[in-house]
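Work through the exercises below with the model open. Try each task before reading its solution.

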Amino acid sequence: MFTYTIDELISRYPVLSSSKKAIEEAAEKLIASYEKGGKLLVCGNGGSCSDADHIAGELMKGFKNHRPIGEELANKINEFDPTGQIASSLQQGLPVIALHNHAGLNSAFSNDVMNGAEYVYAQQVNVYGEANDAFLGISTSGNAKNVAAAAKVAKAKGVTVIGLTGRGGGELGRLADTLIAVDESETFKVQELHLPIYHYLCLKVEEHFFGNKK
């Protein structure tokens, strides 16, 4: 089983030492959400939008640990695919919705609704968000209006809000139940530190739910 400790993360990225407690807390909250049957809603803009996709890719399939589907489901699939190839290829995953990926909805809402571009992520949280879910907003400044609006709706719906920002946290930081604000303010430097953080979060979630050996 692959494991990755917070101390190893900090040893590799000492600048994250001030965020150690928040990173650990965020991992715990993601695990708690999934334990209750929740899902993760994640969004950002530009590079942070790409980070949202990256997170979905690590949680929706195997990352470092093997995640074969259960025997019961495999047997049911094999009734329709006697070759067994589908069942043997599938992996267990955890539900993640990267909110920018709904191109038709996002373009329609942005076009049809006044200030729609600012509220399009909020609309999706309004529809998807449930009390056991977690919302991860990624904004290097913490002041992205569409991310903050989504966080406000998440708070209203009882969704756990995690913020991933740069120094200070901005408006998103004031809304977050847990804020990871890295000690940088320049966009590219903040983004450089966000990647090892969310890799750590994904690894800890995977270790909790799929801690079996390959």
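**Exercise 1. Which helices each supply at least two residues of the lining of the largest cavity?**

Solution. Take the helices α3 (47-59) and α10 (187-209): each supplies at least two lining residues. Helices here are DSSP runs of H or I with at least four residues, strands are runs of E with at least two, and both are numbered from the N terminus. The largest share, three residues, comes from α10.

Before going on, note the source. This is a predicted model, where local features need pLDDT of at least 70 and side-chain atom pairs count only at pLDDT 80 or more, while totals for chains, interfaces and linings use all residues. Residues are numbered from 1 along each chain as its sequence is written, and side-chain values use heavy atoms, with hydrogens and water left out.

**Exercise 2. Describe the largest cavity and its lining.**

Solution. Start with the count: the structure holds one cavity of 30 Å³ or more. A cavity is a set of points, on a 1 Å grid over the protein atoms alone, where a 1.4 Å probe fits but cannot get out; lining residues have an atom within 4 Å of a point. Next, the volume: the largest cavity holds about 40 Å³, counted as the space filled by probe spheres set on the points. Now list the lining: Leu-30, Leu-40, Ile-55, Leu-59, Leu-136, Tyr-198, Leu-201 and Cys-202. Last, sort these residues: eight are nonpolar, none is polar and none is charged. Nonpolar covers Ala, Val, Leu, Ile, Met, Phe, Trp, Tyr, Cys and Pro.

**Exercise 3. In what order do the five strands form the open sheet?**

Solution. Read the order as β2-β1-β3-β4-β5, with parallel pairing. Two strands pair if DSSP finds at least two bridges between them. At the edges lie β2 (96-98) and β5 (178-181), each pairing on one side only. Val-42 has Ala-98 in β2 as its bridge partner.

Technical notes:
On a 1 Å grid over the protein atoms alone, a cavity is a set of points where a 1.4 Å probe fits but cannot get out, and a pocket is an open set with protein on both sides within 12 Å along at least five of seven lines; lining residues have an atom within 4 Å of a point.
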